[in-house]
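Subject: Structure handover

Hello,

Here is the structure you asked for. Please open it alongside this note.

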Amino acid sequence: MVPITTLHYLVVAAALFVLGVIGVLTRRNVVIVLMSIELILNAVNLNLVAFSRMWGNLHGQLFAIFIVVDAAAEAAVGLGILIAFFRNRETINVDEIDLLKW
Amino acid sequence: MAPVATPYFFYVLAGVAVISGLFVITRRNAVHSALALIVTLLAVAGLYLMLYAPFVAGVQIIVYAGGIMVLFLFVIMLVNIERSSKERRFNRIWPVGLAAACALLALFVSAFVKGKKLFPDRPITLPESSNTQQIAAMLYGEAGKMGQYTFAFEIASLLLLVAILGAVIMTKKKI
């Protein structure tokens, strides 16, 4: 059995990141787009914690905690925008959110 | 002493994380996506535990799976419309998006293959028992001195305040 190295964790994080990117680029439901962004942030966090262990210090873990704070702020503001938009247009479809397009 | 069967745990957790991540982006019903995302978050928390980061794992479970996902589920219940469960899941340009994501994956793979030698084989083990204590010392400082990240911590709390105000102002009908 191959011992688990940093590279293993990086591969898992890359897979999660690519899944998140696919979700952001292809889904039409805004809620699922926001969830895909959470997937991307989780992949970044996994990378940071893996590197934190590789170098033997805790800075990466602290960055991961700050990214969790950012994710909470981003989710709150994004979902607030979504509710305000749904009240005006009765849709949560990305293709129909084109108010800024002339 | 080496932990027993660690590679198996890693592969199980990684598989669960990736497969439920796939469910997140393919399910038609947003509630199913949210539940799959919770499974992914818990699996990633398990991976943090395997990386000797128990505090980050706890924060992941409490804040992500406990807080952010409840917010998501509330919003899904507020805006869930019957129409969205019947129409197409993917937008018109999904082949382009998929191709771009595959290009990104190829970039990652080539970077990992080329940079394989940069990663040491045996990771340094962090002291697990004092993890939370050390993080607290870096965040809040110790022995009366400011920690390395105290200022960043204050900025983060300010950011959360701004986010709370922004969310409240945007969701209110009339201010």
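Predicted model: local features only at pLDDT ≥ 70, side-chain atom pairs only at ≥ 80, totals over all residues.

How many residues of chain B are in contact with chain A, and with how many residues of chain A? In it, 71 residues of chain B are in contact with 64 residues of chain A. On chain B, the elements that each give two or more residues to that side are α1 (6-26), α2 (30-50), α3 (54-79), α5 (94-114), α6 (131-140) and α7 (150-171). The top contributor is α3(B), with 13 residues. By class, this side of chain B has 55 nonpolar residues, 12 polar ones and four charged ones.

Chain B overall

Chain B has seven helices and zero strands. Its pattern along the sequence is α-α-α-α-α-α-α. The chain is 175 residues long, and 25% of them count as buried. Now take the contacts in chain B with a separation of 6 or more: 46% of them join residues 24 or more positions apart.

Domains of chain B

Two domains are assigned in chain B: domain 1 (1-86) and domain 2 (127-175). Each gives four residues to the contact between them. On the domain 1 side, the residues are four nonpolar, no polar and no charged.

A helix pair in chain A

Look next at α1 (residues 6-26) and α2 (residues 30-55) of chain A. They pack at an angle of about 165 degrees. Their axes are 8 Å apart. Angles over 145 degrees count as roughly antiparallel, and α1(A) and α2(A) are therefore roughly antiparallel to each other. Their crossing is left-handed. The contact of α1(A) with α2(A) has 19 nonpolar residues, six polar ones and no charged ones.

Find B:Ala103 in helix α5 of chain B.

Where to start

I would begin with the side of chain B that touches chain A, where α3(B) gives the most residues. Then turn to the α1(A) and α2(A) pair, with its left-handed crossing.

Best wishes

Notes. Residues numbered from 1 in each chain as written. Chains lettered and ligands numbered in written order. Helix = DSSP H or I, 4+ residues; strand = E, 2+ residues; numbered from the N terminus. Buried ≥ 20, exposed ≤ 12 C-beta atoms within 10 Å, placed from the backbone. Contact = placed C-beta atoms within 7 Å. Nonpolar A, V, L, I, M, F, W, Y, C, P; charged D, E, K, R; others polar. Axes fitted to C-alpha atoms, helices over the stretch in contact; angles between N-to-C directions. Parallel < 35°, antiparallel > 145°, perpendicular 65-115°, else oblique. Left-handed = near helix turned anticlockwise from the far one by under 90°. Domains from an automatic or database assignment.
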